[in-house]
Amino acid sequence: MRRSRVLPALILAALTGLIACTKGGECDKCTTDADCKQGFFCSEFNDQTHRCGSGVGATTCRVR
């Protein structure tokens with residue numbers, strides 16, 4: 001019975017951590033322009049990911 005409560009709690013904690021990492025700053029992952037802070041737009045990069053960028057010139061994001 002106890003094990004059935006621990007697993008959902010761990011999953012919830014992991015998801016909360018992932019959501020909290022994306023704050024809409026430059027190079028943060030996004031799906032729409034609304035996900036990005038003011039001044040940034042949701043752009044598709046060369047690696048086929050969508051990230052917040054200025055939309056001016058070549059924005060370079062360091063990813064792992």
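Predicted model: local features only at pLDDT ≥ 70, side-chain atom pairs only at ≥ 80, totals over all residues.

Trainee: In which sense do strand 1 and strand 2 pair?

Mentor: Strand 1, residues 41-44, and strand 2, residues 50-53, pair in the antiparallel sense, over 4 bridges. Within this pairing, Glu 44 stands opposite His 50 of strand 2.

Trainee: What lies between the strands of that hairpin?

Mentor: The hairpin has 5 residues between its strands, and Gln 48 takes a positive phi near 70° there.

Trainee: And Ser 43, where is its place?

Mentor: Ser 43 belongs to strand 1. With a relative accessibility of 21%, Ser 43 counts as partly exposed, because the buried class ends under 20%.

Trainee: Which residues is Ser 43 in contact with, leaving aside its neighbours within four places in sequence?

Mentor: Those are Cys 30, Thr 49, His 50 and Arg 51. Thr 59 is 16 residues from Ser 43 in sequence, and their C-alpha atoms are 9.7 Å apart in space.

Trainee: What is the handedness of the link between Cys 27 and Cys 61?

Mentor: That link is left-handed, with -85° about the S-S bond. The pair links distant parts of the chain, 34 residues apart: Cys 27 is in the loop between helix 1 (3-21) and strand 1, while Cys 61 is in the segment after strand 2. The sulfur atoms of Cys 27 and Cys 61 are 2.0 Å apart.

Trainee: Are Cys 27 and Cys 61 buried or exposed?

Mentor: Cys 27 is buried at a relative accessible area of 18%, and Cys 61 counts as buried at 16%.

Trainee: Why is the disulfide of Cys 30 and Cys 42 called right-handed?

Mentor: Because the torsion about its S-S bond is about 95°.

Trainee: Which parts does the pair of Cys 36 and Cys 52 tie together?

Mentor: Cys 36 lies in the loop between helix 1 and strand 1 and Cys 52 in strand 2, so the pair ties together parts 16 residues apart in sequence. Cys 36 counts as buried at 10% relative accessibility, and Cys 52 is buried with a relative accessible area of 0%.

Definitions and conventions. Residues numbered from 1 in each chain as written. Heavy atoms only, no water. Pairing = 2+ DSSP bridges. Helix = DSSP H or I, 4+ residues; strand = E, 2+ residues; numbered from the N terminus. Buried < 20%, exposed > 50% of the residue type's maximum accessible area, 1.4 Å probe, protein only. Contact = heavy atoms within 4.5 Å. Disulfide = S-S within 2.5 Å.
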